[in-house]
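Here is a quick tour for someone meeting this structure for the first time. Have a look at the sequence and the fold, then read on.

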Amino acid sequence: MGGTEHLSVRREGATLILTLDRPEARNALSLPMLVGLYDGWVAADEDDAVRSVVLTGAGGAFCAGMDLKALAGGGMVGEEYRDRLKADPDLHWKAMLRHHRPRKPVVAAVEGACVAGGTEILQGTDIRVAGESATFGLFEVKRGLFPIGGSTVRLQRQIPRTHALEMLLTGRPYTAAEAAAVGLIGHVVPDGTALERALAIAERINACGPLAVEAVKASVYETADLTEADGLAAELRRGWPVFDTADAKEGARAFAEKRPPVYRRA
């Protein structure tokens, strides 16, 4: 599969791999990249053969945030990309997972810099793996800017508030070990192996019932801000229909027959 300028897209089994591909700029976000990301999320949602997505970066970096040089110079290249943004002014927020949540699980594979907008996109992913030399941080306040990709809302819900405020208000870099200690990422692996570990996690997800996986993900996010009673009621609404699917019956049969299940999204 191809992708767009500054973003490459390929399939590995049932996993769609989206690679931020501007290594000369440490994969800083460009308008072509944002358009490609949005199209990638939509493609994953619409393709039933895709069961998971891995988001990573090329050239030893994840994402260094927005391309401030291009912004200062009056915009980013490509009239066709500007036309896409005019047609959907919310497209860039959807691309950064601020205003869009993919149905399929998204695993982030981070090497090198994952800062500013990179850390903001990271907060929209579900499972996060990083090389031990990766760096994280929200540097916007150091530039007199605001981390408007969702961080003042999401970060305090994903890590303890004291750590969220320190990250937001100091603009300092965090090592992978520090990011793991506060809960921003889940795995720290040797440099150069983040994608390998992310794909292994994705493969485990792919082996599960896709309807069950998508319902579980939806339930986790739907119930995050509900009371326990309301959350449990919402969980039943999401969960009971899964038991009536052919996939659920196939899972039980496969267990009894001691064989891998063959799920058909039915």
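## The nonpolar cores

Let's start inside. The largest nonpolar core has 46 residues, and the members that touch the most others are Leu 37, Leu 55, Val 110, Phe 136 and Leu 184. A nonpolar core here is a set of buried Ala, Val, Leu, Ile, Met, Phe, Trp, Tyr and Cys residues joined through side-chain atoms within 4.5 Å. Buried means under 20% relative accessible area, exposed means over 50%, and partly exposed is in between (1.4 Å probe, protein chains only). Helix α1 (residues 31-46) supplies the largest share of this core, eight residues. Helices (H or I, at least four residues) and strands (E, at least two) are DSSP runs, numbered from the N terminus. There is also a second, separate core of 13 residues, with Val 54, Val 129, Val 189 and Leu 199 among them. In soluble globular proteins, nonpolar side chains tend to be buried together.

## About the model

What you are looking at is a predicted model, in which local features need pLDDT of at least 70 and side-chain atom pairs count only at pLDDT 80 or more, while totals for chains, interfaces and linings use all residues. Residues are numbered from 1 along each chain as its sequence is written, and side-chain values use heavy atoms, with hydrogens and water left out.

Now for Arg 128, which sits in strand β7 (residues 127-131). A salt bridge is a side-chain nitrogen of Lys or Arg within 4 Å of a carboxyl oxygen of Asp or Glu. The side chain of Arg 128 does reach two backbone oxygens: that of Leu 122 at 3.1 Å and that of Leu 184 at 2.9 Å. Apart from residues up to four places away in sequence, Arg 128 touches Ala 108, Leu 122, Gln 123, Gln 158, Leu 184, Ile 185, Gly 186 and His 187.

Lys 217, in helix α10 (residues 210-223), counts as buried because its relative accessibility is 9%. A polar atom of its side chain lies 2.8 Å from the backbone oxygen of Pro 102. Beyond its neighbours within four places in sequence, Lys 217 is in contact with residues including Arg 101, Pro 102, Arg 103, Lys 104 and Asp 126.

## Salt bridges

How many salt bridges does a search of the whole structure find? The count is 16. One of these joins Arg 84 and Asp 39, with the closest N and O atoms 2.8 Å apart. This pair links distant parts of the chain, since Arg 84 is in helix α3 and Asp 39 in helix α1, 45 residues apart. Arg 84 is partly exposed, with a relative accessible area of 30%, and Asp 39 is partly exposed too, at 29%.

Arg 265 and Asp 48 also meet through their side chains (3.5 Å, N to O). Arg 265 lies in the segment after α12 (246-256) and Asp 48 in the loop between α1 and β4 (52-57), so the pair ties together parts that are 217 residues apart in sequence. Glu 166 and Arg 172 form another salt bridge, with their closest N and O atoms 3.3 Å apart. Through shared partners, salt bridges join Asp 48, Arg 103, Glu 214 and Arg 265 into one network.

Three strands make an open sheet in the order β6-β8-β9, with mixed pairing. Two strands pair if DSSP finds at least two bridges between them. At the edges are β6 (113-115) and β9 (174-175), each pairing on one side only. β6 and strand β8 (residues 135-137) run in the parallel sense over three bridges, and Val 115 stands opposite Gly 137 in β8.

Finally, Lys 86 is found in helix α3 (residues 79-87). Is Lys 86 buried or exposed? It counts as exposed, because its relative accessibility is 63%. Lys 86 and Tyr 263 are 177 residues apart in sequence and 40 Å apart in space, C-alpha to C-alpha.

Key: Polar contact = N/O pair within 3.5 Å; in protein donor to acceptor, adjacent residues only side chain to side chain. Contact = heavy atoms within 4.5 Å.
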